[in-house]
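Me: Can you look at this one with me? I have a few questions to work through.

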Amino acid sequence: MSWERQKMDSLLQMGRCKQVLVLVIFCLSASVMYSFIYHYSTTEEHTDQLVPQQIRAVPSISLRQPNCTCQGGGVLVLKDHLPKDRYDDIVKRRAEEYRKHHIRTSSSLNRLILAPSNTPLQYPIQGFTVVPLQKTLIPGLALHAAKRQSYKVTLRVSSGVLAIKALGEGDQEGQGEKEITVQSTSLSDLNNLLGRMTYTSTVYRMRTGDLAHFTFEHHEAVFPVVIQQTSMPVLYDIGNDINDRVTIITKTFLRYTELQVLISSIRTYYKDVKIIIADDSLEPQKVNGSNIEQYIMPPAQGWFAGRNLAVSQVTTKYFLWVDDDFLFTDKTKIENLVEVMEATPELDVVGGSVAGHGQFYFSLVYEEGNGEDGGCLNRKGSVKYQPVPGFPTCSFTSGVVNLFLGRTDAVRKVGFDPRLKRVAHSEFFMDGLGSLLVASCSHVSIGHQPKIANAKYSSFRRQKSKDVEDKLAQHFFKNHLKCIRYG
């Protein structure tokens with residue numbers, strides 16, 4: 001056991017030792033528990049004041065979500081839109097995918113932790129983040145207790161190992177253990193060791209967590225360890241003018257007349273801004289003009305597939321989404337939306353209003369439910385949460401109209417489900433719920449062109465009933481919903 005003795009010699013700087021210090025390391029090897037105990041002495045005196053504590057901490061609680069109901073008016077019960085002959089199979093597959101979803105997204109960091117009252121234990125309660133498999137010093141570990149003959153604390157983890165960092169380069173360090181107990185007659189020596197306690201995760205994940213249990217006598221505290229791979233920033237050079245900051249994107253299908261009107265109106269106010277067009281028309285026509293990129297898709301791929309393609313080609317920090325039958329006016333000030341986004345870096349999407357339709361926005365509230373039945377989504381129109389600071393005409397909400405400025409990298413992460421072809425808009429905001437911060441502003445608007453008779457386009461649009469049924473079936477499986485309530 002010479003290396004263990006050398007380690008303790010270096011840790012304790014032998015010149016100041018007279019009382020007894022005991023370090024006990026527990027571990028399991030071949031189902032046998034063993035320990036190392038070291039004795040030293042020190043002349044140090046202690047003047048700690050008594051810290052009364054009679055209440056044992058409850059380390060953690062798992063909250064069970066109440067089951068949501070699908071009763072009342074304006075409710076779509078999604079199972080009614082599933083094929084009856086495949087219902088049991090769909091439900092079984094959904095349950096399995098939901099189980100895997102929980103494995104992928106759940107973490108010990110999701111558990112509720114109650115802090116103990118009046119505890120003598122000091123520990124990090126927030127901000128302790130480690131890189132997977134990388135040794136990291138645990139900050140702030142200490143014991144503050146009244147004078148005793150001996151002090152003993154234990155630290156235990158489950159998704160990593162603990163060790164005590166050696167003092168010098170030549171000092172040896174033992175293998176990490178899931179549980180370490182440190183005991184000493186000197187409080188300062190014990191805190192000295194706690195100050196060199198390290199944590200190394202034993203799991204490699206992009207983001208997960210561990211719960212460390214820290215105990216002294218009948219006191220127990222639990223603190224989170226965030227295990228997260230460091231990510232690199234993605235930055236955009238926004239240049240000196242609007243052309244470097246924003247790309248205008250749209251999707252067209254059999255509406256070249258309306259598209260040309262839209263482009264002409266854009267060029268009236270923004271002569272050089274890039275325009276990207278995703279085109280899945282049955283017989284594509286070349287769209288001419290400066291700084292226009294037209295991407296020809298296979299025929300009738302649909303609304304969201306076109307959005308995905310257009311967004312994938314954006315190289316600017318922001319994009320402005322417009323429908324192909326919109327019309328720029330003197331109130332279509334892209335700069336005003338950029339100003340809101342730049343002043344509020346947390347924002348991901350900012351919508352405006354469409355002439356003749358007013359300012360369109362809605363809230364989405366998701367109730368997870370508690371079982372295999374699925375959750376409930378509440379969608380309610382014209383609901384604002386609170387004003388955007390510094391912009392009284394803008395408010396946070398969940399979803400906005402088809403005129404919106406999007407943060408390119410944030411929107412790409414959510415994407416647009418290409419299975420939604422003719423009937424889709426709210427679905428993008430549903431998929432982005434919890435990750436996209438959305439606002440609606442009334443001081444920026446766009447016009448809408450008069451409807452032009454287009455028999456071929458209208459005929460294709462009228463075939464949307466099956467798309468609606470498919471969309472509802474997708475909500476049942478993909479979003480693990482049992483109903484949607486509209487209000």
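Me: Which backbone oxygen lies 3.1 Å from a polar atom of the side chain of serine 108?

Reply: The backbone oxygen of glycine 209. Keep in mind that this is a predicted model.

Me: Where is serine 108, and what else is it in contact with, leaving aside neighbours within four places in sequence?

Reply: Serine 108 is in the loop between helix 2 (87-105) and strand 5 (121-122). With those neighbours left aside, serine 108 is in contact with Gly209, Asp210 and Leu211.

Me: Salt bridges next. How many are found in the whole structure?

Reply: A search finds 14. One of them joins the side chains of aspartate 325 and arginine 255, at 3.5 Å from N to O. Aspartate 325 is in the loop between strand 18 (318-321) and strand 19 (326-327). Arginine 255 is in the loop between strand 15 (246-252) and helix 4 (256-269). The two are 70 residues apart, so this pair links distant parts of the chain.

Me: Are aspartate 325 and arginine 255 buried or exposed?

Reply: Both aspartate 325 and arginine 255 are buried.

Me: Which residue forms a salt bridge with lysine 317?

Reply: Glutamate 342, with the closest N and O atoms 2.8 Å apart. This pair also links distant parts of the chain, being 25 residues apart. Lysine 317 is in the loop between helix 5 (303-312) and strand 18, while glutamate 342 is in helix 6 (residues 334-343).

Me: Why does lysine 317 count as buried?

Reply: Because its relative accessible area is 19%, and buried means under 20%. Glutamate 342 is partly exposed, at 31%.

Me: What about aspartate 417 and lysine 478?

Reply: Their side chains meet in a salt bridge, 2.9 Å from N to O. Aspartate 417 lies in the loop between helix 7 (408-414) and helix 8 (426-431), and lysine 478 in helix 10 (residues 465-478), so the bridge ties together parts that are 61 residues apart in sequence. Aspartate 417 is buried, with a relative accessible area of 9%. Lysine 478 counts as partly exposed, at 36%.

Me: Which residues are linked in a network of salt bridges?

Reply: Glu96, Glu97, Arg99 and Lys100.

Me: New topic. How many residues are in the largest nonpolar core?

Reply: There are 38. Those with the most contacts inside this core are Leu320, Val322, Phe328, Ile334 and Leu405. Several elements each supply at least two residues, among them strand 15, helix 4, strand 18 and helix 6. In soluble globular proteins, nonpolar side chains tend to be buried together.

Me: What is phenylalanine 328 in contact with, leaving aside neighbours within four places in sequence?

Reply: Its contacts include Ile248, Leu262, Ile266, Leu320, Val322 and Ile446. Ser265, Tyr269 and Tyr270 are also in contact with phenylalanine 328.

Me: Which residues does the second core include?

Reply: Ile249, Phe404, Phe416 and Met430 are among them. That core is separate and has 35 residues.

Me: Last topic. How much space lies in the largest pocket?

Reply: About 1200 Å³. The pocket is lined by 46 residues, and the closest to its centre are Trp303, Asp323, Asn402, Arg422 and Arg461.

Me: Which elements each supply at least two residues of the lining?

Reply: Strand 15, strand 22 (375-381), helix 8, helix 9 (455-461), helix 10 and strand 28 (481-486) do.

Key
Residues numbered from 1 in each chain as written. Predicted model: local features only at pLDDT ≥ 70, side-chain atom pairs only at ≥ 80, totals over all residues. Heavy atoms only, no water. Salt bridge = Lys/Arg side-chain N within 4 Å of Asp/Glu carboxyl O. Buried < 20%, exposed > 50% of the residue type's maximum accessible area, 1.4 Å probe, protein only. Polar contact = N/O pair within 3.5 Å; in protein donor to acceptor, adjacent residues only side chain to side chain. Contact = heavy atoms within 4.5 Å. Core = buried A, V, L, I, M, F, W, Y, C linked by side-chain atoms within 4.5 Å. 1 Å grid on protein atoms, 1.4 Å probe; cavity = no way out; pocket = protein on both sides within 12 Å on 5 of 7 lines; lining within 4 Å. Points joined across faces, edges and corners; volume = space filled by probe spheres on them.
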